[in-house]
Amino acid sequence: MRLRKKPWIEQAILEHSDLVILDDLTTHKGNWQKLFPTSQPLCLEIGTGRGSFIVGMAQKYPERNFIGIEANLDVLYDVVKKVRALQLPNIRLIRDNAISLTEWFAPAEIETLYLNFSDPWPKNRHAKRRLTHNNFLKMYQQILKSGNSVHFKTDNDQLFAFTLEELATHNYQIKQYTTDLYNSSIPNSVATEYEQKFVALGKNINYCEFTLSI
Ligand SMILES: C[S@@+](CC[C@H](N)C(=O)[O-])C[C@H]1O[C@@H](n2cnc3c(N)ncnc32)[C@H](O)[C@@H]1O
């Protein structure tokens, strides 16, 4: 995703510190529910982009709470604007790189995890940055409730193949998968920005749901 330089956003985001959690994330470990008006199942999306998915899901499922992690502040600010416009009570946002998940979330604190059109990092030397690398899968295994699912969608066939290999190599369980979500019987949830773009281009969308409990 192209970076725009908008230095004023650093300042503007401070006005939304009830929505974007800016203090030490480790202090919320095990207590994320307290940041929401209602305690209800907690879902996590890593790499929200501009927020179409998390906003759509929060509208569709008001009986769930959603946390979105996005490393790019300019992009995250678009999510803030959407959440404010709709006055959604069940979203909180984190502006950070999701490399310290187990320091931020307690074991089994997350009900469901979503990875949508994650950056593919095509060079082998960057494989550890892929959000479905085994190092990330091990963190998801700790913060997710046992037996619960990760939902992964991508246009990138190489990243999808890599993901299936990681899951097989480490004996994780695939509950369902398809290399063509829009021509399958698997129901789709909410389309992301990247998804809308790739579907319009006729690109197949890969999807899998997997559980990390062994
Ligand atoms: C290709 S975009 C997809 C955005 C959105 N999920 C969609 O489907 O439209 C990937 C997004 O994930 C964010 N991202 C990538 N790696 C991340 C990480 N380790 N932690 C937090 N955000 C990350 C990027 O900044 C970018 O906004």
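Predicted model: local features only at pLDDT ≥ 70, side-chain atom pairs only at ≥ 80, totals over all residues.
**Entry 1: crossovers.** Strand β2, helix α3 (residues 73-86) and β3 form a β-α-β unit, and its hand is right. I then looked one step back along the chain. β1, helix α2 (residues 52-60) and β2 also make a right-handed β-α-β unit.

**Entry 2: pairing around β2.** I looked up the partners of β2, residues 65-70. With β3 it pairs in the parallel sense, over five bridges. Strand β1 (residues 42-46) pairs with β2, again parallel and over five bridges.

**Entry 3: burial of β2.** Which residues of β2 point which way? I found Asn65, Ile67 and Ile69 on one side, with Phe66, Gly68 and Glu70 pointing the other way. Every one of them is buried, that is, under 20% relative accessible area. Because six of the six residues of β2 are buried, I recorded the strand as largely enclosed by the rest of the structure.

Entry 4: I wrote down the strand order as β3-β2-β1-β4-β5-β7-β6. The sheet is open, has seven strands, and its pairing is mixed. The edges are β3 (91-95) and β6 (173-178), each of which pairs on one side only. From one strand to the next, the twist averages 15 degrees.

**Entry 5: largest pocket.** I read off a volume of about 690 Å³ for the largest pocket. There are 30 lining residues, and Gly47, Glu70, Ala71, Asp119 and Leu131 are the closest to the centre. The elements giving two or more residues to this lining are β1, β2 and α7 (193-200). I sorted the lining by class: 14 residues are nonpolar, eight are polar and eight are charged.

**Entry 6: second largest pocket.** I noted about 270 Å³ for the second largest pocket. Its lining has 16 residues, and nearest the centre lie His151, Pro187, Asn188, Ser189 and Tyr207. At least two lining residues come from each of α2, β4 (112-116) and β5 (149-154). Which element gives the largest share? I found β5, with three residues. By class, the lining has eight nonpolar, five polar and three charged residues.

Key
Residues numbered from 1 in each chain as written. Heavy atoms only, no water. Pairing = 2+ DSSP bridges. Helix = DSSP H or I, 4+ residues; strand = E, 2+ residues; numbered from the N terminus. Axes fitted to C-alpha atoms, helices over the stretch in contact; angles between N-to-C directions. Buried < 20%, exposed > 50% of the residue type's maximum accessible area, 1.4 Å probe, protein only. Right-handed = clockwise from strand over helix to strand, strands pointing away. 1 Å grid on protein atoms, 1.4 Å probe; cavity = no way out; pocket = protein on both sides within 12 Å on 5 of 7 lines; lining within 4 Å. Points joined across faces, edges and corners; volume = space filled by probe spheres on them. Nonpolar A, V, L, I, M, F, W, Y, C, P; charged D, E, K, R; others polar.
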